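Here are my notes for you. Please keep the sequence and the structure open as you read.

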Amino acid sequence: MYPYYEQDWSVLPPENNRRFNPAFNMATIRQAFTEAVERVRMPTPTRLRDLIRQIRAARTAAEERAVVNKECAYIRSTFREEDSVWRCRNIAKLLYIHMLGYPAHFGQLECLKLTASTRFTDKRIGYLGAMLLLDERQDVHLLITNCLKNDLNSSTQFVVGLALCTLGAIASPEMARDLASEVERLMKSPNTYIRKKATLCAFRVIRRVPELMEIFLPATRSLLSEKNHGILITGVTLITEMCENSSDTLMHFKKDSGNREIVPNLVRILKNLILGGYSPEHDVSGVSDPFLQVKILRLLRILGHNDPDASEAMNDILAQVATNTETSKNVGNTILYETVLSIMDIRSEGGLRVLAVNILGRFLLNSDKNIRYVALNTLLRTVHADTSAVQRHRTTILECLKDPDVSIRRRAMELSFALINAQNIRTMTKELLLFLEKADAEFKAQCSSGMILAAERYSPTTRWHLDTQLSVLIAAGNYVRDDVVSSTIQLVSSSPVPEQTYITNRFWESLQVANHCEDKQPLLQVAVWAIGEYGDLFMYGANEDEFERPTESDLIAVYHKFLTSAQVSTTSKQYALVSLAKLSTRLQQCVEEIQALITSFGSHLNVDLQQRGVEFTQLFGHYKHLRPPLLEKMPAMQISRISSQNGESGGGSFDDNSPDVIENGVEGGGSGGHPLIESNMNTLGDNTNILLDLLGSTDLSAGGAGDLVAATDLSNAVHKKNSRNANDVAAPVSNNQDLLDLLDLDLSTTSSTTTGAPAGGGGGGGGILALAGDNNQSSVANMNNMLGGLDLGGFGSGLDGSVSIPTNGNDLASMLGGLGGISATSAPLAAPAAVGNLIEGHAGNLLGDLNPTAASNNVLVPPQGPRLTALDKDGLLVQFVSVRGNDCMRIYMTTTNSSDNTLEQYLLKAAVQKSFQLQMLTPSGSVLPPGGVITQEMRVVATSNATLRMRLRIQYVLDGQQQVEQTEVSGFPEQQPSAAEE
Amino acid sequence: MMLFMLLFSRQGKLRLQKWYMAYPDKVKKKITRELVTTILARKPKMCSFLEWKDCKIVYKRYASLYFCCAIEQNDNELLTLEIIHRYVELLDKYFGSVCELDIIFNFEKAYFILDELLIGGEIQETSKKNVLKAIASQDLLQEDEAVEGTLRDIGLL
C-alpha cells in the first residue's frame with residue numbers, strides 16, 4: 001500500500017495517488033477546508049463577530065434590545081437541545097451580551113459543561129464564562145469544583161493554568177477548602193508556569209480561608225531562592241499575605257525560612273535587581289522589574305515594623321534604593337514611594353527618615369499630579385511623627401493649595417492644618433484665607449472650622465484673633481458651621497473693651513458691603529449680636545481708630561433692611577430682634593423707631609419671630625421700667641475650649657436654644673410661672689418649666705444681702721478651685737445670656753413671691769454632684785425627680801452650695817447689676833438658673849474639670865454629628881446621634897413631635913444583635929406634646945467586630961389608641977470591640 | 001490586591017470587567033455605573049486616584065478607553081498605573097497597535113491576556129515576553145484543535 005498516503009497525500013503526483021480525481025484539486029480542497037474551519041473553530045470570527053456587528057449597528061436602545069432578545073432566545077433553544085457543537089460559540093456570544101448588561105445566568109450550567117469538555121477551546125471559553133457568570137452566593141458554583149480538580153491534574157500545562165486562574169478569581173471558601181491540597185501540590189511543580197499560578201492561587205485560598213495557611217507554609221520555603229521573576233513575585237506576594245495575616249507566621253518567617261533568613265534574602269534579591277545591570281526582559285523605562293521591587297519593599301516593611309534588628313538589616317538597601325532609583329518616569333517614583341512608606345514604617349535611622357521626607361518634598365514639586373497627590377497623602381500620614389521634617393516643605397505644601405486638582409487641594413488643606421503652630425500661624429492663616437476665599441463650597445465649612453480652631457490654639461494677640469475670625473466669616477460666608485458663630489461671640493465677649501469696640505466697628509464696616517447679609521448670614525448674626533451688645537461703645541464710646549460712625553437712623557435703616565429681607569434666615573432675624581431690643585437701651589434718639597420695628601413683628605408669620613415681637617413690645621409698654629436692667633450687657637463668656645476643639649460646641653445649641661429660653665421665660669413670667677407645658681420646640685421647654693416650677697413654688701423667706709454674699713463666696717471658691725467647694729456645679733458660660741434673660745424676665749413677675757432660694761454655704765453640696773457624678777445616666781427625668789425632691793423637702797439644704805455661677809472678674813457684679821432696681825433678692829435666683837443650665841446639658845468647663853464623665857453624661861442636647869433618622873412618620877421624628885466613648889458607643893435618641901397631636905405613654909424599645917450589649921437609660925419623658933422633645937441615651941458595648949444594627953419598637957398612645965411602629969436602624973459609625981482597644 | 005478592573009469607553013460603555021471579589025451581580029452593576037459616571041465626570045487635569053468607599057480607585061485613559069482598577073488601602077497606586085500600562089502594552093503587542101474595536105470584537109482575547117498577567121488580583125508575570133508566549137501557545141493549541149476537527153469533519157482523520 002502507500003504508507004505515506006495518510007501523511008502527505010496532497011503533494012503526491014497524480015499518477016501515484018490512487019484517489020486522484022481531477023475535480024478534487026487544490027482549490028476545492030482549500031475551500032472545503034476553510035469552510036470547515038470556519039464552522040467549527042471557537043472564536044467563531046463570523047458568527048460572534050456578526051452578532052457584535054448587528055448589536056453595534058442598532059441605532060436605538062430598543063433596537064439593540066430586540067437583537068439581543070432574539071439572540072438570547074436562540075441561544076436558550078440551543079442549550080435546551082443540548083447542542084454541543086455550537087455550545088462554545090453560543091457561550092461566547094452570551095458573554096458579550098452579558099457585558100452589555102443583559103441577564104446571562106442561564107448560561108451558567110452550559111459553562112460548566114464546556115469546562116468538562118476535552119477540547120482546550122471549550123475549556124478556555126468555559127472557564128472564562130465561569131469566571132464571569134458564576135456567583136458564589138448560589139450553590140451552582142460548587143459544581144465546578146470537580147471539574148477544577150480534574151483539570152488541576154491534567155498533563156497539559158495550559159489546562160492546569162486555566163483551572164488555577166479560575167480558582168484564583170472565583171474561589172469561594174468551600175472551593176478553597178476542597179482544592180487547597182491540589183494547589184499545594186502544584187506549588188511544588190517543577191514547571192514555573194504552573195508553579196507561579198499555584199502560588200497566587202494559594203494567596204487567594206488564604207484570603208478566603210486564613211486557617212488553611214498552615215498547609216502552604218512548607219511550600220513557601222524554596223520560593224525565594226528561585227531565579228524566575230514570576231515565582232519570586234508570586235512568592236513574595238504569598239509570604240506578605242501570610243505575614244500580614246498572622247503574627248505567628250511573621251515570627252516563623254523571621255526565624256526560619258528555608259536555608260537563609262528572610263530579610264537578608266530579600267535584601268539580596270533587591271540588591272541584584274538594582275545593581276544587576278540591564279535585563280531587557282524585565283526592564284521598564286530603565287528600572288529593573290519595578291513590580292518585584294515594590295513587592296519586596298512592602299514585605300520588608302512588614303518584617304521591619306517594630307523590629308529593630310530587621311530594620312537595621314534593611315537600612316542600607318533602603319538608602320540605596322532611595323538614592324539609586326531613576327526618577328524621571330513614573331516607574332522610578334513608584335519605587336521611591338514604596339521605599340518612603342517602608343522607611344516611615346520601620347525603625348529606620350533618623351537620616352533615612354529625613355531622606356524619605358525630602359523625597360516626598362521633591363514629589364510635591366513634580367509636574368505629575370499623581371505624584372503630588374501621593375506625596376501629600378503620605379506626608380499627611382507621617383506629619384505627626386516627623387513634624388519638623390515636614391515643616392521644611394511648608395511653602396511647597398501651601399503652593400499645592402492652588403493646584404488645579406481638587407483632591408490635591410483637599411490633601412494640601414488637611415496637611416496645612418496639621419502644620420500650623422505658634423510660629424507660623426500668621427503666614428499660614430494668610431495663605432489659608434486666600435484659599436478659603438476661592439475654595440469650592442465643599443471645602444469652606446471644613447476649612448473655616450479648622451482655621452478657627454487653629455486661631456484659638458495659637459493666636460498671638462486678641463486683635464489678630466478677632467481679625468482672623470472676621471476674615472473667616474467674610475470668606476466662608478454661609479458655609480461656616482454654627483461653632484464658628486458661637487466661638488466668635490464668646491471671643492468678642494471675653495475681649496477687653498477697646499477690642500470690643502474695635503471689632504464692632506469692623507463688623508459694621510463688613511455689613512456695609514453689599515450682599516453680605518444674604519450670603520454671609522453667620523457674619524450677620526455675629527455682627528448684630530456685637531452691635532446690640534456694645535451699641536453704646538459703638539455709637540458713643542471712645543473713637544480711637546477714627547471710625548466713621550453711622551447715625552442712629554442709618555443704623556435702624558440697616559436693621560430694617562435685614563429684618564424685612566426675604567433672604568435673611570429666621571435665625572439671623574432672631575439675632576437681629578434681640579439685638580434691636582438691646583439697642584433700644586443703648587441708643588439715644590431712635591427708640592420709637594425701634595419700638596415700631598419690633599412691634600411690626602407682632603404679626604409675623606413665623607411663630608417664633610412673632611413671639612419675640614409681642615414679648616419685646618411688652619418691654620416698651622407696661623414693663624418699660626424693666627427694659628434697661630433686663631437688657632444689660634452680657635457678662636464675659638469663657639471660651640469653652642474643650643467643646644469647641646471637639647467641634648461639637650455648645651455653640652450650635654446655643655444658637656438654637658437661647659431664643660426659646662427667652663421666650664419661655666417671658667411667657668412664663670407673663671402668666672404666672674406655669675404656662676409652659678404647651679410651649680414650643682425644645683427640650684428646654686420642659687426644663688425651663690421645671691425651673692419655673694421650682695422658682696414658683698419655693699416659698700422661702702427673703703434671703704437678701706446675705707445670699708448675695710454667699711453666692712459671691714461660692715463664685716470665688718469656684719475660681720480658686722477650692723477643694724471644699726470643688727464640687728460646685730457651674731453653669732456653663734456659653735449660656736449666660738439665656739440664663740440672664742431668663743432670670744431677668746422671670747423676675748419681672750416672680751420676684752415678688754420668690755426669694756433667696758439657695759441660702760447658706762457649701763454644706764449640702766453633695767446633692768447635685770451626686771446627681772452628676774454617681775448618677776451617670778442623669779436624664780431630665782432624674783433631674784426632675786431630684787429637683788422635685790429638693791423642692792418638696794429641704795430645698796435650702798439640698799441646693800446649697802452645690803450650685804454657683806461661674807464668673808470671672810466683674811461678672812457677678814455685672815450680672816447682679818443687670819438686675820438693677822429689683823434688689824438683691826434676685827441674686828439667689830441665679831443659682832437655680834444654673835441648675836436649669838445644668839439640665840440643659842451645657843455643663844461647661846468647670847464641671848468638666850471636676851468630673852469629665854459626668855459632664856458628658858449630662859448632655860441631653862445630643863452632640864453634633866451625623867444624625868441617623870430612624871423614623872420619620874406623621875410628624876414623629878426619631879433621630880440618633882452616636883458618639884464613641886472609651887468603652888462603649890453612646891447613642892443619643894431624640895424624638896420630636898411636629899404634629900398637632902399629643903402623644904402619650906411614649907416608649908422606645910430597642911434590640912441589637914447578640915454580639916452587642918445594649919443599655920438604655922431613662923428617657924426624658926413619656927409625653928410628647930406638639931413640638932415636644934424626648935431624649936434618651938443608650939449605650940452599646942460591642943463584644944465582637946460586627947456591624948451594629950438596631951431594631952426599634954416605638955409605642956405611644958394617640959387619642960386613646962395604642963400605636964406601634966417598628967423599624968430597623970443601621971449605619972452607626974464602626975465600633976471596635978473593647979478588647980481590641982489597647 | 002486588586003479588587004476589580006473595568007474597561008469602559010468615553011461613552012460609558014463597558015468593554016471589559018474582571019472581578020476578583022465576589023460581589024452579587026446587582027452590586028457589580030451598581031459599582032460599575034457609579035464609577036463610570038464619577039470617572040467620566042472628572043476633568044483631565046485631575047489626578048488618577050480617588051478614594052471610594054474603603055478602597056482606592058486608580059484609572060487612566062488610553063485613547064478612547066478608560067482603564068479603571070480598585071485596589072486596597074495599602075496598595076501602591078502608582079504601581080497600579082504601571083500594571084494598567086503593562087496590560088495596555090500587552091494588548092498592543094498582541095493586536096498590533098490596539099484600538100477599542102479590537103477589544104470589542106476580540107473581548108475574549110483581552111480576557112485571556114489579562115488572565116496571564118494577573119491572578120486573583122495580583123501580578124503573576126513581570127516579563128512581557130512570557131505572557132505573550134503563553135498566549136501564543138494557547139492560541140496555537142486552539143488552532144491545532146480546529147484543524148484536527150476539520151480534518152475529522154471531512155473524513156480525513
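1. Strand E5 of chain B, residues 65-71, has the highest value, 97. Strand E3 of chain B, residues 49-52, has the lowest among the elements, 90. Across chain B the average pLDDT is 93. A score of at least 70 is reached by 99% of the residues of chain B.

2. Next come the scores for the model. The ipTM is 0.97. The pTM is 0.64. Please quote both values when you describe the prediction.

3. Now turn to chain A. Its secondary structure comprises 47 helices and 12 strands. The chain has 982 residues, and 57% of them are buried. The accessible surface of chain A is about 40,100 Å². Carbon and sulfur atoms account for 50% of that surface.

4. Look for the open sheet in chain A. Five strands form this sheet, in the order E5-E6-E7-E10-E9 (chain A). The pairing is antiparallel. Which strands lie at the edges? They are strand E5 (867-873) and strand E9 (916-920) of chain A, and each pairs on one side only. From one strand to the next, the twist averages 20 degrees. As background, strands of a sheet pair through backbone hydrogen bonds, either parallel or antiparallel.

5. Follow strand E10 of chain A, residues 933-942, and its partners. E9(A) and E10(A) run antiparallel and are joined by five bridges. Here A:Met920 has A:Met938 in E10(A) as its bridge partner. Strand E7 of chain A, residues 889-897, also runs antiparallel to E10(A), with eight bridges between them. Here A:Thr895 has A:Ile934 in E10(A) as its bridge partner. Find both residue pairs in the structure.

6. Why is E10(A) described as largely enclosed by the rest of the structure? Buried means under 20% relative accessible area. Nine of the 10 residues of E10(A) are buried, so the strand is largely enclosed.

Terms used: Residues are numbered from 1 along each chain as its sequence is written. Chains are lettered from A and ligands numbered from 1 in the order in which they are written. This is a predicted model: local features need pLDDT of at least 70, side-chain atom pairs count only at pLDDT 80 or more; totals for chains, interfaces and linings use all residues. Side-chain values use heavy atoms; hydrogens and water are left out. Helices (H or I, at least four residues) and strands (E, at least two) are DSSP runs, numbered from the N terminus. Buried means under 20% relative accessible area, exposed over 50%, partly exposed in between (1.4 Å probe, protein chains only). Accessible areas come from the Shrake-Rupley method with a 1.4 Å probe; for residues, only the protein chains shown count as cover. pLDDT is the predictor's confidence in each residue, from 0 to 100. Two strands pair if DSSP finds at least two bridges between them. Axes are lines fitted to C-alpha atoms, for helices over the stretch in contact, and angles run from 0 to 180 degrees between N-to-C directions.
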